[in-house]
Amino acid sequence: MGTTTVNNNFKSEEYFINMGPQHPATHGVLRLLLTIDGEIIKKVEPDLGYIHRSIEKMCERDSYQQIVHLTDRMDYLSSHINNEAVCLTVENALQLEIPERVKVIRTIIGELTRIASHCLWWGVMGMDVGALTTYFYGFRDRELINDIFEETCGARLTMNYNIPGGLMYDIHPNFVQRTKDFVKHFKTKIPEYDRLLTGNVIFQKRMKGVGVLSKEDAISFGASGPVGRGSGYSCDVRKHHPYSALDKVTFNESLKTAGDSLARYEVRIMEMWESLSIIEQLIDNIPEGDYKVATNAVIKLPKGEYYQKVEAARGELGVYVVSTGTKNPYRVKFRSPGLSNLSLLNHIAVGGKIGDLVASMATLDIVVPDIDR
Amino acid sequence: MNNNELQNLIGSWFPNLEADKIVETVPETEEGAEAKISEPVNPSLLSFTEEESQFLNIEVSPEHLHSLMTQLRENPETNFDYLFCLTGMDWGKELGVVYHLESTKYRHQLVVKVKTADRENPNFDTVCNIWKTADFHEREVFDFFGVKFNNHPNLKYLFLTEDWEGYPLRKDYVDEVNMVVK
């Protein structure tokens, strides 16, 4: 909400329109101030803060166990991965030895989260460019993952399954079988996604060459996740800084070099295949053992600074904790993938049309609570 | 490059306060610059530490921030092309900014810190002409800490309304209505 006044130095043919904050294509309460000339975009300026809750300030008065629950509410589609990031930070600071069982379960659920998030993205992405059917297909498959989560974690969206030291409780007896069933099911569905949307000529024309981002700019803008990888920028945290059980599995980093909307789209489709492969490698080999290690009821991190990065569904999530040795952190910073990815929107949208802006935004896959932390 | 090598290299760019102004115009390969490398590093200019952190930390004075950052980005041996986190900090007496850097080529990482005791008008040079991602992140720090960034092209509130009073993430911020203090 920082900018309610508009630059008045217009040329006669330029004018200004609002997109959002309730526009369906902005995926939440994001307001874009567009300066346009006819239908050509001259400038895109995001106006943020409509749902800012100041999670970083709240963290300063909360215990480390409580902070985990706040991170659900950032990028709610990667809630498990966000929780994991905080837990890893705390565990590394305390130098806790985490059981292998915990690491493997965290990774499996993390990859299921990624697939669920990409399913939702694929559904709304199609809807944004005019293909309503995708919405139902995407949600149909995401429901199956949510059912698995509900049984094991007790929640479908904000899971809170991770705690510092391990997991809240052990996996449900049905977890392994249901996950295997899902993998089998979903392998038949991704080709269906491709048949329905990827190969569609109208869709391809909406995406190809639209919103092009070069590799140099991707790095400079701090792009991460599928946005960076669509520009050929190898930025997968799972590859470069593996955590949990990700060093025990083999997978390919999904890379495309075109840098346009179609490339970002294809990266996400490829990532769903890779996530399935990671789950398949781990699901039959969940080690026996404890599902958590005991921590003190009051966790105090040693004085110092801690940083942990993980690959959330939208890109690199960083957790920066400064501790003075008390039960509350002195400062917590969440480096969210969304804010950096949004900051390049102006760069890729200028010169295009409003319809192209919608396509570009859909492939940036912005979740507003992740930006308005 | 490991932390020791980084420290030696970066320390050699800023041999001491007076030499610094000369070195800027002299290419590193020339003999004049070579000779200065062996000179002791002035601790008030750059200070290095690895204590209480997994990264090599550099603290730099505000007036040298921009020239250090430019060299970190442009030097082919350091090549820190990825600013992955930019954090505003309130250390109680001092305000400052913490930059987390990574090289996508070498994958080495580094933390740069800059501080000022001026709480009335804290200001640093912008780095958004070096890394474009700094544009939004510096505006976020401006919102919540009131730190101004000189030469920033569009420095205005990103999240807050224009009439917001105070800087919410500072430690001395008081809001009796909306803040629950435990």
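Student: What covers the buried residues of helix 1 of chain B?

Tutor: The cover includes strand 2 (57-60), helix 4 (62-74) and strand 5 (109-116) of chain B. Before going on, note that this is a predicted model, where local features need pLDDT of at least 70, side-chain atom pairs count only at pLDDT 80 or more, and totals for chains, interfaces and linings use all residues. Residues are numbered from 1 along each chain as its sequence is written, while chains are lettered from A and ligands numbered from 1 in the order in which they are written.

Student: Which residues of helix 1 of chain B are buried?

Tutor: First, the terms. Helices (H or I, at least four residues) and strands (E, at least two) are DSSP runs, numbered from the N terminus. A residue is buried if 20 or more other C-beta atoms lie within 10 Å of its own, exposed if 12 or fewer, and partly exposed in between, with C-beta atoms placed from the backbone. In helix 1 (residues 3-13) of chain B, the buried ones are Leu6(B), Ile10(B) and Trp13(B). Looking down the axis of helix 1 of chain B, these buried residues fall within an arc of 40°, so they line one face of the helix. The arc is that of the directions from the helix axis to the C-beta atoms. On the face turned away from the buried side sit the exposed residues Asn4(B) and Glu5(B).

Student: How many helices and strands does chain B have?

Tutor: Chain B has five helices and seven strands. Starting at the N terminus, they run α-α-α-β-β-α-β-β-β-β-α-β. Of its 182 residues, 36% count as buried.

Student: Now chain A. Which residues of helix 2 of chain A are buried?

Tutor: Tyr64(A), Ile67(A), Val68(A), Leu70(A) and Thr71(A) are. They span an arc of only 160° around the axis, which puts them on the same side of helix 2 of chain A. Their cover includes helix 1, helix 3, strand 4 (162-163) and strand 8 of chain A.

Student: At what angle do helix 2 and helix 3 of chain A pack?

Tutor: Axes are lines fitted to C-alpha atoms, for helices over the stretch in contact, and angles run from 0 to 180 degrees between N-to-C directions. Helix 2 (residues 64-71) and helix 3 (residues 79-94) of chain A pack at about 155°, with axes 8 Å apart. Angles under 35 degrees count as roughly parallel, over 145 as roughly antiparallel, 65 to 115 as roughly perpendicular and the rest as oblique. Helix 2 and helix 3 of chain A are therefore roughly antiparallel.

Student: Which residues meet there?

Tutor: Two residues are in contact if their C-beta atoms, placed from the backbone, lie within 7 Å. Here Tyr64(A), Ile67(A), Val68(A) and Thr71(A) of helix 2 meet Asn82(A), Asn83(A), Val86(A), Cys87(A) and Val90(A) of helix 3 of chain A.
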